[in-house]
Amino acid sequence: MLITYGSSSEALAREVANQCNATLVRSKRRLFPDGEQYVQVSGDLYGEDVVLIHSFALNPDPLLVEYLLLANAIRSAGCRSLTVVIPYLAYLRQDSRFKPGEPLSAKVIASLIESPRIDRLITIDAHLHRFRSLSDLFIAPSLNLSAMPLLADYYLKNFGNLETVVVGPDAESEQWAKVVAEHLSSPYIIMEKERLGDREVTIRGGVPVKGKNVVIVDDIVSTGATLVKLMEALLGEGAGNVDALVTHALLVEDSYQKLTQAGLRNLISTDTVPTRHSKVSVAPLISKALQGLS
Ligand code: R5P
């Protein structure tokens, strides 16, 4: 197995190659003067099982084009199989035509991802809501791994406390909150979120958290609007320490500042999007899945 990477996931790919005892194949990317991308994958890929690791954060559109170019380069070099690992899979939140004239972005992007004839796709905590499973989006075999057990273990080791309540901000977060609650042997509560705009949400629901430590669980933090509103509700009910376990910390603009101002103690996330909050690496998850293929 050969492992290569796109510009967003070099460190992660290096670690996965290390853990799988696989050869890391270097790739490079540069921009032409007009802004078009150029990529090149080194080495002889003919007849090889190649894994491409490339996350779609933080600027998904150029990263998607880079992915398409890399995957084409690998395919046309005559590899035996191409497995793509997209740790953060963007565009899944537009999983419906919410208003007339909108595209079904999740489907559009899924078909682009499949266009280089991939053999399988692996991702982490995909935002599956109206599409219940990756197989509703992809024809190729796909695997949706979850970092939630690893995030919960990190929390337990570092901040573990008996009086903990797990809270998810909206219906789709229940799939992740449930797993964390099981790991922490804690109860969980799911709130009701309504999105009013890109940076505006309302949160409703009962929160019996007085004096308790709270762990917020979600797949993505982007503008921070969801977590800030949730913090207001929790602290308004007298919650103790509030920490958040979030797989993909996109943290756009000044969102982290907003979270700390709202009273969040720790944001704990993974390296699907490498930030200073990436306390947990998804490399062991990916390595185990890849080793299971051979
Ligand atoms: C959407 O339902 C997701 O699960 C997250 O809750 C959402 O993407 C967070 O976005 P923001 O930080 O902008 O509120």
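# Pocket, ligand and cavity in a predicted model

The ligand sits in the largest pocket of this predicted model.

Me: How much space lies in the largest pocket, the one in which the ligand sits?
Reply: The ligand sits in the largest pocket. The space in this pocket comes to about 1200 Å³.

Me: Which residues that line the largest pocket are the closest to its centre?
Reply: The lining of the largest pocket has 16 nonpolar, 8 polar and 16 charged residues. These are the 40 residues that line the pocket, and the closest to its centre are Arg93, Gln94, Arg195, Gly197 and Asp198.

Me: Which element gives the most to the lining of the largest pocket?
Reply: At least two lining residues each come from α2 (60-76), β11 (192-197), β13 (213-221) and α6 (225-236). With 5 residues, the element that gives the most is β11.

Me: Which element gives the most to the shell around the ligand?
Reply: The ligand sits in the largest pocket. Elements that give two or more residues to the shell around the ligand are β11, β13 and α6. The one that gives the most, with 4 residues, is β13.

Me: Of the residues around the ligand, which come nearest?
Reply: The shell divides into 3 nonpolar, 5 polar and 7 charged residues. There are 15 residues around the ligand, and those that come nearest are Asp218, Asp219, Ser222, Thr223 and Thr226.

Me: At what distance does a polar side-chain atom of threonine 226 lie from an oxygen atom of the ligand?
Reply: Thr226 is among the residues that come nearest to the ligand. A polar contact is a pair of N or O atoms within 3.5 Å. For a polar side-chain atom of threonine 226 and an oxygen atom of the ligand, the distance is 2.6 Å.

Me: How much space lies in the largest cavity?
Reply: The count of cavities of 30 Å³ or more comes to 1. Residues that line the largest cavity include Tyr88, Arg93, Asp125, His127, Asp219 and His248. By class, its lining has 7 nonpolar, 2 polar and 3 charged residues. The space in the largest cavity is about 40 Å³.

Methods: Residues numbered from 1 in each chain as written. Predicted model: local features only at pLDDT ≥ 70, side-chain atom pairs only at ≥ 80, totals over all residues. Heavy atoms only, no water. 1 Å grid on protein atoms, 1.4 Å probe; cavity = no way out; pocket = protein on both sides within 12 Å on 5 of 7 lines; lining within 4 Å. Points joined across faces, edges and corners; volume = space filled by probe spheres on them. Nonpolar A, V, L, I, M, F, W, Y, C, P; charged D, E, K, R; others polar. Near = heavy atom within 4 Å. Polar contact = N/O pair within 3.5 Å; in protein donor to acceptor, adjacent residues only side chain to side chain. Sits in = over half its atoms within 2 Å of the grid points.
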